[in-house]
Amino acid sequence: MNNIETFSNIPHILANGTEWYLGLSACVDGGTKLYGVSGRAKRPGVFELPLGTSLGVILNECAGGMQDGYKLRAFLPGGASTAFLGAEHADIIMDYPTPEKAGSRLGTGLAILLDDKTSPIGMIRNLEHFFAQESCGWCTPCRDGLPWVERLLIAIEEGRGTPEDIERLHDAARLIGPMGRTFCAHAPGAIAPLASGLKMFAEDFQRMVSKSTPGTVESGAAGQAA
Amino acid sequence: MAKIVIDGREVEARTDVNLLQACLEAGKDLPYFCWHPELGSVGACRQCAVKQYANADDKRGRIVMACMTPVTEGAIFSVDDPEAKEFRGEVVEWLMTNHPHDCPVCEEGGECHLQDMTVMTGHRERRYRFDKRTHNNQELGPFVKHEMNRCISCYRCVRFYRDYAGGEDLGVFSAHNNVYFGRHESGTLESPYSGNLIEVCPTGVFTDKPFSKMYSRKWDMRGAPSVCSNCATGCNTIINERAGKVRRTLNRYNDEVNRYFLCDRGRFGHGWVNAPTRLRSAGYVINGDMTPVPAQAALDHFGKIAATGKLVGIGSPRASLESNYALRKLVGAENFSTGMAEPEHSLVKLAVSLLGSSPARIATMHEMETSDGALILGEDVSATSPRMSLALRQIKRTAFNKAADQARVPHWMDASVRTLGQDTVSPLFVVSPTVTDLDGFAQDAIRAMPENAARLGFAIAHRIDSSAPDASDLTEAETASASRIAEALLAAEKPLLVSGLQYASAALLQATANIASALAAKGKTPLVSFVLPEGNSMGLALMGGLSLDEIVSRSADATLIVLENDLSRRLDTVRFNTLIDNAANLVVLDHSVTPTAIRSQVTFPSAAYTETDGTLISAEGRAQRFFQVVYPDAPLQAAWRWIADMAQAAGRSHVKPWAKLDDLIAEIATIMPVFARIPEAAPASDYTLEGVPLRSQTHRVSGRTAIRANISVRDIPPPASPDTPLHSTMEGSYSTDMPGTLVPFYQVPGWNSEQSLNRFQQEIGGKMRGGDCGVRLVEGVANAAASYAMDVPSAFVPRVGQFMLLPEARVFGTDEMSMMAQPIADRAAPAVVRIGGAVAKGSQVRLSLNGEVFTVDAVSDPTLPEGVATCPPHMVSRSWSAPGWVSLEMTAPAERVETESAV
């Protein structure tokens, strides 16, 4: 056990008993959860709430709702390695099974918001930069596949993308995503927002490449995970 | 064995290997990078992806990495599945995103595993359009070139260098697609096994630096199987040649001997065959200079001086059995010397007689790797037999594997096995007067002077079988060590004992033999090995002959014929001069100019091991044949041919010329029963495969006629030799079923790198399809009654005012021929005297060795006892090599003078 959140529960369970712990929860899984909201909320933060609290409560009551002038477009319910869910899921119950039924995961429980004025491509590029940089370098799909994904996203974001680039991104999602293709779960985690984002924001991607002027060999400024 | 289904075909597969091996053994072309047959699996490259199905009804399946998947009965897999193929193609495309595609200027090109695997996966169009990351390269010393941009991050280099060979100065740095494999800064790679990186690296990151200076593509070179003669271990090699020059030495797989790896002395120690020190014509020494003369004139001259009078022959442990035999025949057994001086001569004989009568078997290096209780007694094997030392390093792995067995983890699952092995105790014990590189692999490294090491050995034998003599007056620590080691050896299933001649101690050999006998008396089947000094020491001991010391007194007024032997390395200056001055004539046959050759009256140039064929007998007692790869210009020829010519010239008609090597081998086998089996060491020169002789060049070798066009445009017939079964050209047969002793290069369709070896083996890591390499001549006596040496030496006692000077063996520097190869000479550190006790920095010592005084740099070595010092043999005094008492006269740093060195 190396998770501080889990570890910090232990003294209280020992002190108060399991019944007490189970009773804290709003769902079948016991206890509380550290939920979080980042993005254009009024009061981004981390909140300890009964496990199974809805995102509506977390976002609107704890984080103060969206900032004025911004609307929720989509969100990653449980951190960078979970799939996008659309705004229609804004009130989703944040327990273990419900986000999975919706096509994502509870993950860390730290939701990342995408608003209507931020480029989803830029957001995904930022996420993939993180994953490419954090790859330990052990196995090929992660070490060499993710930097390529990042550079494709940069090219598309900067108006130098091609329709083939979108195909490459789909290839990467298909080939790296399933568990077992890589040594650990880092790369499949990286693919979760990419694969779901390619589907959810397909029009944004198409729009960017349709007006772009691609080069032949490129050195993206932020290209190399450094 | 288990039945598994691969692509609809049912195959029998071994259950102790992973699926990748099973697929390769089933003949499938499944690409891989990070797996290596000797290093196991770690699942890093993700290249060997296949589809696994849960059962016959499962049509979807899931992708698994074959190298990380065990073979289980009834398992169903597909290599050809489109999804798996697409994934494998994409893995290569990912690897290529930062690969520089510089194959035309890359020295790996044409024998590159990455090229082969790229073609195999079908990836051929680059879709990655962004720039590539670049690295700085490092200067890694005289052996290995570094070109990091080519790296595909398979991690094999560090897994070999660190995990397998125990090196510490090569590592992996940084992260993500910026991982860097190198040293913390430029500098010579410290491991004496660094050259294996060249073969372990699947692409051109680590390449052969000396080869680079005379580079040729693999397909343009002739190859011939050879045997390394740079120590007594007998590693199998392939020598590559082009246009008359030896280009490089590669590993040749022998499942029982060197398997996949060589030491750097073996890989880079061949350069002397191309060096200016080579003798290329017959010569007279006039005013101290070698003056070329026509061969016939030299023979005529020899005929005159040797027609009458006594002939005395001095053989050589670095010459072939055949040449030694020919000389012995010419001069008569009673006038033939092994070429070894005392104490080496008697010790080699003792070692061989102990091995021949011991109930223990001589261990192969492969057997050593899996010993579960081993003792190295009084020998720095890491310096005297580096490749054996690499095998002994693997003993630690025996404990790892036991832990893995308990956790039911297969042995090929390398990272898991290493993790499980972290807390295990190595079953290896080292007893040595000096620190050795094997200490770090041992449960216990005990410092003991040679006498005390021998006493400990006797004490161990006594504790195993009380009828063996004990050493008296042992210290408490010695008693405890003896008991612990005895217990460990008794508890082992494969106890192994290793000693050698480094410290010229008969007691060490006897103590080792006593332990072997004691173990056998207790129902054990011990393995034993004695490290011998030179490539054919064992052969000469079996052949027999006088010591050089005996020759000195017998050669007065005789014509002395010296075969490929530099006596100045064996006799001190006084005796060297006496021997030569007293002889009527000195005739030398050698391939290189030596201080002995330069004293001769007439010299005949003999072919080097790359230019002729012959048999060497390794310390394992294995007779192995080397084959010529260079067809030298006349008058170079095998020494035994010179000897036949000399006999003719001198009218010594009892020596008839041998038409071919096989005739000579047959004669030796008939005349000397101990060598009865040497014809089996390799097929004869009339060997054919499916009715066709073997070829030594690839089908696509280029420039066959054009390469001499600057000399003459006329076609000349290809060179030929009656001695070798390998024809010199591209015409002939070649197959994965060819005898392992005759493989001139490894290549099969689709596999151009040395990884094609997989196809030459019955099973990966097992026997060659074409049969064993070499034949063992010396076996112990399985049920020999325990007979113990009773002469236990007394303990070492320091002397006041004197130092016991021990020989410090070195991988690079103390060996004769390899030091004539420039890369080895560059790698060798200067000679120093290490002294137990305080020595001011920058000090020098004056010491007298074999009657001559030398001034040498001195350093303090706190691991040595007071009153003990070490000196590298042959590097200060040319002849000094055996331990002895010396007076050391220390000079202060301020009075430094140029140091004196024999090399």
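## Interface between the two domains of chain A

In this predicted model, 13 residues of domain 1 of chain A are in contact with 13 residues of domain 2 of chain A. The domain assignment places domain 1 at residues 4–115 and domain 2 at residues 120–210 of chain A. The table collects the values for this pair of domains.

| Property of domain 1 and domain 2 of chain A | Value |
|---|---|
| Separation of C-alpha centres | 25 Å |
| Area buried between the domains | about 970 Å² |
| Share of that area from carbon and sulfur atoms | 78% |

Of the area that domain 1 of chain A buries against domain 2 of chain A, 54% is supplied by R73(A), A80(A) and F84(A), more than by any other three residues.

The rule finds one salt bridge between domain 1 and domain 2 of chain A. The side chain of R73(A) meets that of D204(A) in a salt bridge, with an N to O distance of 2.8 Å. R73(A) is also one of the three residues named above for their share of the buried area. Two residue pairs are in polar contact across the interface of domain 1 and domain 2 of chain A, both at pLDDT 80 or more.

On the side of domain 1 of chain A that touches domain 2 of chain A, the elements giving two or more residues are β3 (72–76), β4 (85–86) and β5 (110–115) of chain A. By residue class, this side of domain 1 of chain A divides into nine nonpolar, three polar and one charged.

Note on methods. Residues numbered from 1 in each chain as written. Chains lettered and ligands numbered in written order. Predicted model: local features only at pLDDT ≥ 70, side-chain atom pairs only at ≥ 80, totals over all residues. Heavy atoms only, no water. Domains from an automatic or database assignment. Contact = heavy atoms within 4.5 Å. Buried area = accessible area lost by both parts, 1.4 Å probe. Salt bridge = Lys/Arg side-chain N within 4 Å of Asp/Glu carboxyl O. Polar contact = N/O pair within 3.5 Å; in protein donor to acceptor, adjacent residues only side chain to side chain. Helix = DSSP H or I, 4+ residues; strand = E, 2+ residues; numbered from the N terminus. Nonpolar A, V, L, I, M, F, W, Y, C, P; charged D, E, K, R; others polar.
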